Amino acid sequence: MQNEKCEVLVVGAGPTGLMAACLLEQCGIHVKIIDKSISASQESRAAVMSARSLELFASLGMSETVLAQGAITRNIDFFISGRHQGGLDYAHCTSVDTPFRFILMIPQSRTEAIMLDRLQSRGIHVQRGAELVALRTLANGAEADVVSASEQKTIEAIYHWRRRWSQYRPAFARSRFRRRKISAKFFAGRRAC
Ligand SMILES: Cc1cc2nc3c(=O)[nH]c(=O)nc-3n(C[C@H](O)[C@H](O)[C@H](O)COP(=O)(O)OP(=O)(O)OC[C@H]3O[C@@H](n4cnc5c(N)ncnc54)[C@H](O)[C@@H]3O)c2cc1C
């Protein structure tokens with residue numbers, strides 16, 4: 001049985017896991033990704049991307065890439081047997097605190113491919129056909145049993161948050177986030193959707 005180590009083990013290379021991995025990698029955290037599926041999804045699935053997801057892509061410097069591969073949509077119409085049955089006007093969902101005041105139509109498979117490209121360019125590859133079968137909590141992290149067709153291994157994920165915090169604390173103290181007040185308007189704008 002093999003043993004591997006990382007700081008954070010991401011289980012599942014769907015949109016959630018891939019975005020988590022991108023954000024962790026951006027913070028310099030050593031991340032591994034496994035997925036029990038042999039291949040990436042090919043379907044459109046979650047084809048509607050909203051402002052918050054685009055903001056996360058923007059924080060990775062990737063919003064232009066995502067926008068270029070999707071279609072900006074301001075309303076959706078529903079038809080049954082060729083007859084218009086109603087629709088949604090996203091003008092009612094706009095919020096002043098985001099630059100992305102629209103819905104982006106983009107197939108989930110393409111969104112995943114964009115994130116996979118970014119991770120691969122940074123040397124992070126999804127270990128496919130690898131299933132998490134057991135997870136144990138350790139005093140300082142977690143230990144995962146992972147099974148694939150060719151091997152069984154244990155991945156130890158230990159995130160040294162104390163070390164990380166002391167590393168980031170000086171930068172955090174200077175950052176605008178610490179001083180920023182989140183106004184009630186911000187939440188009201190979000191709720192309006
Ligand atoms: C057929 C279909 C059609 C859909 N259509 C729409 C749609 O039209 N609009 C919409 O908004 N949403 C749609 N969805 C939902 C959308 O796909 C999900 O909301 C989205 O995929 C969730 O992303 P996720 O990363 O959280 O999970 P997932 O995309 O499900 O990814 C989870 C990943 O974890 C892996 N995994 C699970 N357990 C383990 C384990 N033990 N070890 C290793 N890997 C593991 C899985 O293989 C999978 O790749 C659809 C879903 C399906 C299945």
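1. Helices (H or I, at least four residues) and strands (E, at least two) are DSSP runs, numbered from the N terminus.

2. The model is predicted: local features need pLDDT of at least 70, side-chain atom pairs count only at pLDDT 80 or more, and totals for chains, interfaces and linings use all residues. Residues are numbered from 1 along each chain as its sequence is written.

3. The largest nonpolar core has 16 residues, and Ala21 and Ile33 have the most contacts inside it. Such a core is a set of buried Ala, Val, Leu, Ile, Met, Phe, Trp, Tyr and Cys residues joined through C-beta atoms within 7 Å; buried means 20 or more other C-beta atoms within 10 Å of the residue's own, exposed 12 or fewer, and partly exposed in between. Another core, of 10 residues, lies apart from it and includes Met49, Leu54, Phe57 and Phe102.

4. Gln108 belongs to helix 4 (residues 108-121). Gln108 counts as partly exposed because it has 19 C-beta neighbours inside 10 Å. Its C-alpha atom is separated by 5.5 Å from that of Ala47, 61 residues apart along the chain.
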